[in-house]
Amino acid sequence: METRTQTDKTVDLTKEKVRTPSFDVSSLAGQGDPMLAQNPVMIDVRGLHVYYGDFLAVKNVDMPIRQNEITSLIGPSGCGKSTVLRCFNRMNDLIETARVEGVIEYHGVNLYGDSVDPVEVRRRVGMVFQKPNPFPKPIYDNIAFGPRIAGWNGKMDDLVEESLRRAALWDEVKDKLHESAYALSGGQQQRLCIARAIATSPDVVLMDEPCSALDPIATLKIEELMLDLKKDYTIIIVTHNMQQAARVSDRTAFFSVDVSERGRTGYLVEFARTQDIFTKPEKKQTEDYITGRFG
Amino acid sequence: MAVTSAPTAEVLVRRSLSAKKRDVRGRVFEAVLILTLLVSMAVLVVLLLDVALDSRSVWGERTLGNFLTSQLSADPATAGIRQALVGSLILMIFTAAIAFPLGISAAIFLEEYAEDNRFARIVNANIRNLAGVPSIVYGLLGLALFVKILGGITGPEVEGRSVISGGLTLGLLVLPIVIITSVEALRAVPNSIREGAFGVGATKWQMIRHHVLPVAAPGILTGTILSLGRAFGEAAPLLLVGGITTFFQSGDATPVEQLRGRFSAMPVLVFRWASLPQAGFRALTAALIVVMLVALLLINATAIYLRNRFEKEL
Amino acid sequence: MTTEALTPENVERLLSGSPRRRSKERAIRWFFWTASATSILITLAIVLSLVGEAWTFISQADPSSLWEIGWFPRRGLFDVKTIVAGTLLVAGIAMLVAGPLGLGTAMYLSEYARPSIRRVVKPTLELLAGIPSVVLGYFALTFITPDLLKRIFGNQVAGFNLLAAGIGVGILTIPLVASITEDALRAVPRSLREASYGLGASRMSTSIRVVFPAAVSGVVASLIIAVSRAIGETMVVAIAAGATGGSLFSLNVLQPGQTMTAAMTALAIGSDRVRGADNAFQSLFFVGLLLFLVTLFLNVISERFVRRVRQKY
């Protein structure tokens with residue numbers, strides 16, 4: 001079999017016998033990292049079911065998410081990966097009919113326990129959305145809002161600078177901090193949203209297809225940023241781009257979907273190290289998806 | 001018999017594609033539509049011209065300042081609109097003070113807080129119906145509530161027929177309009193902004209105060225000021241709660257006494273003057289209408305100006 | 001950096017947040033709830049104030065006085081059919097004016113007009129919509145009657161008459177009909193028009209046979225709303241139709257007459273004579289209740305039609 005180079009990324013669906021992913025897996029993140037297995041569990045998902053009204057949208061998810069790793073959620077559209085992501089900061093609370101069963105343990109506390117305040121959760125579990133959504137305010141205020149409402153009383157200028165540096169945006173915006181964030185490019189806006197998310201010093205950052213609205217160069221920058229950020233944060237990313245999952249994540253959760261008359265119910269097929277998912281998946285379903293036979 | 005040559009195919013095609021075979025009925029139809037449109041526009045022009053021409057004699061004899069500041073009077077040569085001007089101004093302030101906070105708050109609840117439950121549906125349907133209630137019915141409400149029941153508070157000296165009663169009545173009248181326009185302005189705020197604010201740990205109120213309201217403000221402001229324009233032109237409810245048109249003195253009264261005293265307003269005065277038989281009052285009425293229309297134009301221009309300014313700041 | 005780090009000891013406390021913040025949020029929500037509940041109170045207040053006095057009126061009035069002679073409340077004559085007839089006449093005349101003009105304008109704006117024309121016509125219509133009704137009353141009294149009606153009908157027409165008032169009310173409702181109808185016409189999907197043109201239909205037949213039937217619910221809604229508005233319109237009639245003292249039953253629109261609304265103002269401006277207890281005062285509320293119920297009925301129906309448009313597209 002001819003070796004595939006990194007530039008050759010076209011998927012040839014006619015060659016069914018090719019069982020390897022259509023892109024280079026030799027540089028998969030986390031490969032050969034002996035520490036990987038030892039990272040402690042940060043968010044432990046056990047028996048998660050999500051309902052919209054009385055309709056089951058996602059069923060039976062078990063998934064230990066480890067500290068300082070990037071965990072990616074992949075799968076065909078409608079498989080509920082974004083729904084699952086939005087459970088981690090209780091964003092689903094905003095949908096009236098949404099109901100969650102099961103346990104999501106964060107630092108040993110069930111996020112859906114009675115005493116938990118979703119506002120507190122969101123201050124510790126930051127989120128970056130699919131489309132860049134900076135506030136229609138100056139760049140500075142975009143960053144400062146989160147810490148300010150959390151009652152932070154340090155030096156705001158320093159915090160803004162640090163957050164922007166951390167998001168690799170400082171050099172581009174340091175002279176226009178008081179100009180509208182809407183003047184930035186899409187990629188810059190998304191990095192601003194990342195800076196905004198980490199300004200409240202969360203320990204988890206959720207990213208819901210953060211690059212789907214960006215061009216390839218901006219995407220690359222965000223991916224580099226993620227790899228850099230995982231030293232300090234636990235990152236969970238939903239992506240429809242398998243290459244992206246392979247490039248950045250340490251572990252991958254593959255979701256699939258049952259289609260019935262009443263709608264689509266997503267479920268977790270396989271959760272493993274990214275390199276395993278992409279090179280030796282245990283389930284046939286995963287393999288079919290990875291190799292491009294489905295989805 | 002068959003001498004005439006049949007037209008060639010080319011000629012036939014050309015003939016059928018050319019518009020020469022005029023669609024007479026289509027033209028007539030379009031002309032009728034244009035006519036209706038022109039008549040609708042012309043009505044406005046004729047109305048404005050009529051009023052302007054009728055008012056000429058007033059501006060020839062008196063200054064604008066004299067007309068605005070002279071007292072109400074039965075003598076057309078000296079009558080001015082002072083009390084009506086002041087009355088309308090105070091009424092507007094009252095209307096705004098009632099309808100704006102209440103209306104915007106209700107809109108915030110309906111758009112940001114309310115779940116899709118029975119209460120919200122009832123309130124929504126109720127507000128749409130309130131917006132369709134004739135203004136004179138609000139006058140009856142004002143008469144029953146503010147004049148008769150609360151008269152001791154709103155105007156003990158004048159049996160409740162005070163400027164406070166008038167202002168409260170107009171406030172209730174425009175409340176549904178304020179709510180509806182504010183709800184629309186709030187609905188136009190993209191949901192991604194709300195998600196962004198929740199995402200960094202904002203409470204609902206923090207989200208609304210810092211992100212939704214600033215974005216919705218221009219729309220809310222424009223809608224509320226335009227609703228003031230509506231209140232400004234209303235006469236019927238004021239007639240019922242006792243807006244008057246004859247001379248009255250309010251010179252030495254304290255502000256509170258004035259608010260609980262008798263009042264007039266510009267549209268009420270138009271009504272009164274228009275039905276007076278003396279020749280001079282026709283021109284006066286027209287002059288008063290000119291003043292009203294200019295004031296309305298100013299109100300609307302303010303709304304547009306504020307909207308543009310706010311939008312630039314964003 | 002900004003928030004206290006989580007440890008096994010403090011995690012439950014920190015994640016449970018501040019009870020004070022939560023009660024503050026609840027208080028704010030309650031405040032806004034109260035504001036929106038006020039709107040229901042207003043409706044209740046309207047209904048209660050109308051029903052109470054109206055009931056007193058009905059129970060005390062001599063039944064024969066409600067259906068005979070004419071509307072002279074200060075003389076104890078409350079012939080309801082007089083003012084109802086006046087109301088229907090004025091609303092009918094108004095619709096004869098606003099219907100064709102409003103529908104035609106809307107049809108032209110939606111199907112024929114270039115954007116540059118729309119840019120001129122729409123603000124002009126808005127301007128017309130913003131003209132206070134007292135101004136239309138003045139216009140009806142000082143222009144429509146002497147300069148228009150007198151030229152057509154000569155001395156048959158009185159200085160105060162229902163026809164001028166009806167025309168004035170009609171002018172007032174043109175923008176209403178035009179804007180709602182135009183919205184309905186424009187809501188008809190483009191594909192429907194293209195299909196019609198594709199079959200070789202002219203613009204006229206597309207407008208009349210395809211677009212108009214598709215939008216007919218919205219058009220009906222606009223007309224119903226306009227009728228409701230015309231019935232509730234007060235000042236034009238109060239200024240231009242005269243008969244402030246009352247009127248005999250008549251269907252002659254060239255003579256003075258009264259509508260329900262004008263009858264109410266006529267009662268009210270004799271302000272010092274209308275006092276709490278007498279029949280005339282209470283008849284005000286009786287007529288008001290009638291008016292409220294009729295307009296409510298029309299508004300509810302029009303809403304049905306509007307909803308039908310929304311469901312379709």
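The model is predicted, so local features need pLDDT of at least 70 and side-chain atom pairs count only at pLDDT 80 or more, whereas totals for chains, interfaces and linings use all residues. Residues are numbered from 1 along each chain as its sequence is written, chains are lettered from A and ligands numbered from 1 in the order in which they are written, and side-chain values use heavy atoms, with hydrogens and water left out.

**Setting of B:H211**

B:H211 lies in helix α10 (residues 204-232) of chain B. Helices (H or I, at least four residues) and strands (E, at least two) are DSSP runs, numbered from the N terminus. The relative accessible area of B:H211 is 2%, and the residue is therefore buried; the term means under 20%, with exposed over 50% and partly exposed in between (1.4 Å probe, protein chains only).

**Chains B and C**

The contact between these chains is summarised below.

| Item | Value |
|---|---|
| Residues from chain B | 72 residues |
| Residues from chain C | 77 residues |
| Area buried between chain B and chain C | about 6500 Å² |

Buried area is the accessible area (1.4 Å probe) that two parts lose on being put together, summed over both. Carbon and sulfur atoms give 77% of this area. Two salt bridges are found across the interface, a salt bridge being a side-chain nitrogen of Lys or Arg within 4 Å of a carboxyl oxygen of Asp or Glu. B:K148 forms a salt bridge with C:E53, and their closest N and O atoms are 3.2 Å apart. On the side of chain B that touches chain C, helix α2 (residues 24-61) of chain B supplies the largest share, 18 residues.

**Strand β10 of chain A**

In strand β10 (residues 263-273) of chain A, eight of the 11 residues are buried, so the strand is largely enclosed by the rest of the structure. Two strands pair if DSSP finds at least two bridges between them. Strand β2 (residues 55-66) of chain A runs parallel to β10(A), joined by two bridges, and A:V58 stands opposite A:G266. Strand β9 (residues 251-260) of chain A pairs with β10(A) in the antiparallel sense over 10 bridges. There, A:S256 has A:Y267 of β10(A) as its bridge partner. β9(A) and β10(A) form a hairpin, with two residues between them.

Key
Contact means heavy atoms within 4.5 Å.
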